[in-house]
Amino acid sequence: MSSHNDDERLTDIIDAIDAIRSHLARGDLSDGLIFDAVRVRLIEIGEAVKALNPELVASQADVKWSDAAGMRDLLAHHYFDTSRATVEVTIMEDLPSLEAGVRQLQTHRKPTEEHSGNLPGEDWSKDFGLGS
């Protein structure tokens, strides 16, 4: 069992989202190395989500926590069946609300701590050339 507490897990999620941004700033998902790096970070996010206290997760009911955990399972166990489009949709549609929910939890848990990265809801497709 991991010794990480919920605060550390929330930070792990934000760190993985920031890493995804960094990877996508270097190239898009058509680059196999970028695709693989993003998939690994999505697995990390899913692992962290699965380890969060269920009561903490329930306090942000609008976030699709189970989708993040499910994506981890898909990527870890069915990686040959994972399409670029699936990963792209996850980044564009699911990560912004996940990030917003995690940052909200962090704010309530540590009100004086400032967080870096894009603001929740910013257009990731514009920043990284995703989408059509």
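Predicted model: local features only at pLDDT ≥ 70, side-chain atom pairs only at ≥ 80, totals over all residues.

Analyst: At the start of H1, asparagine 5 has a side-chain oxygen within 3.0 Å of the backbone nitrogen of aspartate 7. H1 itself covers residues 6–26. With 21 residues, H1 reaches 31 Å from its first C-alpha to its last, which is close to the 30 Å expected at 1.5 Å a residue.

Next comes the question of what H1 hides from the surface. Its buried residues are Asp6, Arg9, Leu10, Ile13, Ile14, Ala16, Ile17, Ala19, Ile20, Arg21, His23 and Leu24. In soluble globular proteins, nonpolar side chains tend to be buried together.

Ile13 leads from H1 to the largest nonpolar core. This core has 29 residues, and those that touch the most other members are Ile13, Val38, Ile45, Trp65 and Leu98. At least two residues of the core come from each of H1, H2 (32–51), H3 (54–58), H4 (65–77) and H5 (84–109).

Apart from neighbours within four places in sequence, tryptophan 65 is in contact with Val49, Leu52, Val57, Gln60, Leu98, Val102 and Leu105.

Now the whole protein. It has six helices and zero strands. Of its 132 residues, 39% are buried. Among contacts with a separation of 6 or more, 72% are between residues 24 or more positions apart. The accessible surface is about 7400 Å², and carbon and sulfur atoms account for 50% of that area.

Note on methods. Residues numbered from 1 in each chain as written. Heavy atoms only, no water. Core = buried A, V, L, I, M, F, W, Y, C linked by side-chain atoms within 4.5 Å. Buried < 20%, exposed > 50% of the residue type's maximum accessible area, 1.4 Å probe, protein only. Helix = DSSP H or I, 4+ residues; strand = E, 2+ residues; numbered from the N terminus. Contact = heavy atoms within 4.5 Å. Expected span 1.5 Å × (residues − 1). Polar contact = N/O pair within 3.5 Å; in protein donor to acceptor, adjacent residues only side chain to side chain. Areas by Shrake-Rupley, 256 points an atom, 1.4 Å probe, with all protein chains shown as cover.
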